[in-house]
Amino acid sequence: NGILQHPTNPDIIFIAQHAQARIISYNMQTKETQVIADKVDGKRFNSPNDLVLGPDGKYIYFTDPPYGLKEKGKSDKNDPNHFYVDKKSKIGFN
């Protein structure tokens, strides 16, 4: 779904995989993939989407809406895997 180029390595892109509920890196030269993140506090993401690089280039920010979930429309404010519009998850990388 969302795609973002690595800030220091032009051969690597980050991909938000909606159906697999994870963020991966993909090396366009070697064709290798690596799971960057698929959980927060032990719970799987909903449907990662909309990647953007933070201003210092240290974090990837992304939305995690409940698209395609069996009980969509039902939200639990105590569920740490449910991010609201004004709250984004962040992942650090080197």
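The legends below describe several close-up views of one predicted model.

View 1. Of the 94 residues in the protein, 36% are buried. The protein exposes about 6300 Å², and carbon and sulfur atoms supply 48% of this area. When contacts with a separation of 6 or more are considered, 40% of them are accounted for by residues 24 or more positions apart.

**View 2. An open sheet is formed by 4 strands.** The strands of this open sheet follow the order S1-S2-S3-S4, and their pairing is antiparallel. Strand S1 (3-5) and strand S4 (33-37) stand at the edges and have a single partner strand each, so one side of each is left without a neighbour in the sheet. From one strand to the next, the twist averages 25°.

**View 3. Strands S2 and S3 form a hairpin.** These two strands pair in the antiparallel sense over 6 bridges, and one of the residue pairs to look for is Ile13 with Tyr26, its bridge partner in S3. Between S2 and S3 there are 4 residues, and in this turn Ala21 has a positive phi of about 55°.

**View 4. Strands S3 and S4 form a hairpin as well.** In this hairpin, 5 residues lie between the strands, and Lys31 takes a positive phi near 70°. The pairing of S3 and S4 is antiparallel and extends over 4 bridges. Val35 in S4 is the bridge partner of Ile24, while Thr33 in S4 is the bridge partner of Tyr26.

**View 5. Ser25 is a residue of strand S3.** The strand that holds Ser25 covers residues 22-27. Is Ser25 buried or exposed? Ser25 has a relative accessibility of 10%, and because buried means under 20%, Ser25 counts as buried. Leaving aside residues up to four places away in sequence, Ser25 touches Ile12, Ile13, Phe14, Glu32, Thr33, Gln34 and Ile36.

**View 6. The largest nonpolar core has 10 residues.** This core consists of Leu4, Phe14, Ala16, Ile23, Ala37, Val40, Phe45, Leu51, Ile60 and Phe62. Strand S2 (12-17) and strand S8 (59-63) are the elements that give two or more residues to the core. In soluble globular proteins, nonpolar side chains tend to be buried together.

View 7. Arg44 is found in strand S6, which covers residues 43-44, and with a relative accessible area of 39% Arg44 is partly exposed. Arg44 and Gln20 are 24 residues apart along the chain, and their C-alpha atoms are separated by 9.7 Å. Thr8 lies in the loop between S1 and S2, and at 67% relative accessibility Thr8 counts as exposed. From C-alpha to C-alpha, Thr8 and Gly57 are 8.9 Å apart in space, although 49 residues separate them in sequence.

**View 8. Confidence in the model is given by pLDDT.** The mean pLDDT of the protein is 76, and 70% of its residues reach 70 or more. Over which residues does pLDDT stay under 50? This is the case for residues 79-89, for which the model has 27 contacts beyond four places in sequence. Where pLDDT is low, the predicted coordinates should not be read in detail.

How values were computed
Residues are numbered from 1 along each chain as its sequence is written. This is a predicted model: local features need pLDDT of at least 70, side-chain atom pairs count only at pLDDT 80 or more; totals for chains, interfaces and linings use all residues. Side-chain values use heavy atoms; hydrogens and water are left out. Buried means under 20% relative accessible area, exposed over 50%, partly exposed in between (1.4 Å probe, protein chains only). Contact means heavy atoms within 4.5 Å. Accessible areas come from the Shrake-Rupley method with a 1.4 Å probe; for residues, only the protein chains shown count as cover. A nonpolar core is a set of buried Ala, Val, Leu, Ile, Met, Phe, Trp, Tyr and Cys residues joined through side-chain atoms within 4.5 Å. Two strands pair if DSSP finds at least two bridges between them. Axes are lines fitted to C-alpha atoms, for helices over the stretch in contact, and angles run from 0 to 180 degrees between N-to-C directions. pLDDT is the predictor's confidence in each residue, from 0 to 100.
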